[in-house]
Amino acid sequence: MRDRDVDKTNKTNGQALRMDRLCKSYQLGSMELKVLRDIDLTINNGEYIAIMGPSGSGKSTLLNMIGCLDRPTSGDYWLGGENVALLEDDDLSLIRGARIGFVFQSFNLISQLNVVENIEVPMYYQGCSERESEQRAKKLADMVGLGDRLKHRPTELSGGQQQRVAIARSLANDPLIILADEPTGNLDSESGAEILKILDRLHNEGKTLIVVTHDPGIAKTAGRLVELFDGRIKRQPKSE
Amino acid sequence: MFLFRFKRTAKLGLKSLWMHKLRSSLTTLGIIFGVSSVIAMLAIGEGASQEAQAQIARLGSQNIIIKTAKPPEEQDVSGQDESMREYGLTYADAERFRNSIPNVEVIVPSRLIPQQAWYRNRKVAIEIVGTVPWYPEITPAQIKLGRFLTSIDLHHKQSICVVDEKVVDELFLFDDPLGQDIKLQSDYYRVVGVVQSQSRGEAAEALGGGDSAEGKGQGANVGNIYIPLTTVKNRFGEISIQFSGSSGRSVERVELQEITVKVGSVDEVLPTRDTLETLLDRFHKKNDYQVIVPLELLKQAKATQRIFSIVLGSIAAISLLVGGIGIMNIMLATVSERTREIGIRRALGAKKRDIIMQFLSETLMLTLLGGILGISLGSFIPYMVQQFGKMPTVITGESLLLAFGISAGIGVIFGLYPAYRAANMDPIESLRHE
């Protein structure tokens, strides 16, 4: 895995990812807290999936799992032909950087860096040259409509603008999957709608979109809804 | 690849250091003081050391110096106030050295008499050195003008003299000393040569042998006038009269104040010293001589100075350590302040290694900056000490390298732990951190 490019093409019948009987539990003192139980989930390339569920149902943990920020306690997680459960920390970092784009509820931009520099961060860790990554960052900023705010700091931008920077950043390494954790949760409805429009556009361009949300509106737009309850998938309409 | 990566990491580090200018400069201050005190302390120590060593080296490392020493006062043998005391080195001793020790290259007997020298209406305290033509062989002092004493001078007991530069400075001012007459006691001596000052007094002082006989009666730092040994014997005799306190006067008879023996090589110095002492011991009932081996003193001085330097260096090193701990403290604070940023970077593909490099490079930049400024300040302090404290200082290349190495080392050592902590934070936890 190390020193070899992450293979972004999918060798597994158009599946972006697959989870088989995936469990995650935390040890709290002597008690074992089961957060995810026997998750079976297959997501195909280009799907738009909404994950819903009450708080404490394991949404965030599932999202961390999909985003390779965490490893399963048991079960398998295949991401583009690679079993994530077996990978080293460095490999996980590489996968996160190359295959997954994160969009967070609280934007999570680095406050010392300006718009372009924030978008450049994922490319830096993939070893892109400075010139190349700057060009691409400017292009992405332009794409989300921030071409005139390249040198602005996050604090100088509105919430909607910050989230657009975050989306541009998530696209930096041209990932297959974009993970968004309540992307409109901190935004007014107008900016939220704008963000959803951009996400929709990405979906139409062929990205696999996984969105955790409370917003039924998003769930409607999404092609499939995955509902979590108490660490299990409650309802999962058969993927088309 | 690595270099290019390093450049960008450094840029990133500089940026975040620049964001906290006050914090960064205060942190650097600790290192600056640490490094500069290491350099200053070592420079002062080294200066003192070289000064002492130079003084001793002037006595010659291949030399063995035997000095007449006044034996301990015997309590009134005859009850008389005025008694002739006879002690010290003799011509016979010099002769015996020549005959019985084969590896002796040069033997220089000397008479040392404190006197006042007159030239026209000026007078100055000097020390007469009654000696032999081959005296220059035991000293590094160069002949500056004219010539030194010759065997003809010795044979004919000429009234001539060679003066050192100190005497020239004090007595002749702007006159050409060659051919002038100097008055010592009641006689005139013509100056035939000028030699470099070699400050015998200072050197002797450094040896702690300052109380040997009447040689240094006039105090340490006086000029020397060299006169043929035979002439001195003729004019000044061997008897000196001293007025000592309540007991009135005492008369002493001393043939030679000093015999300097030079051996062929440094290795022969110590064995020859032993032979000399055995020989002297046999012929001198009273303990009326003192053997000085500059080589040994040189070694001792070096050892002492080394300890001195180590002590000074350690004190300075402690302040460096404190500076280092200050840096670590700040870096730990920085890491916890930037927990969220670390989480973001990890989520976006940063490996642990990348995070370590990021924080380590910040610490390194702080300490190296501190090191460079500290070296400048540390070089300036000895300069001031030299200017205003009249103390010699020497900044060696090694001390600069050492200080720079230490500051870099501190950067790595005290930077590693905060960086390691940053890298090992759980990305999920850090993302949630407010």
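Me: How many of the 12 residues of α5(A) are buried?
Reply: In this predicted model, local features need pLDDT of at least 70, side-chain atom pairs count only at pLDDT 80 or more, and totals for chains, interfaces and linings use all residues. Residues are numbered from 1 along each chain as its sequence is written, while chains are lettered from A and ligands numbered from 1 in the order in which they are written. A residue is buried if 20 or more other C-beta atoms, placed from the backbone, lie within 10 Å of its own, exposed if 12 or fewer do, and partly exposed in between. By that rule α5(A) is mostly covered, the number of buried residues being 10.

Me: Which helices and strands of chain A do the buried residues of α5(A) pack against?
Reply: Helices (H or I, at least four residues) and strands (E, at least two) are DSSP runs, numbered from the N terminus. The buried residues of α5(A) include A:Val165 and A:Ile167. Their partners, with contact meaning C-beta atoms placed from the backbone within 7 Å, are β6 (100-103), α3 (115-125), α4 (130-143), β7 (177-181) and α6 (189-204).

Me: Which helix supplies the largest share of the side of chain A that touches chain B?
Reply: Between the two chains, 19 residues of chain A are in contact with 18 residues of chain B. On the chain A side, α2 (89-99) and α3 each supply at least two residues. The largest share, 6 residues, comes from α2(A).

Me: What percentage of the residues of chain B count as buried?
Reply: The secondary structure of chain B comes to 13 helices and 13 strands. Of its 434 residues, the share that counts as buried is 40%.
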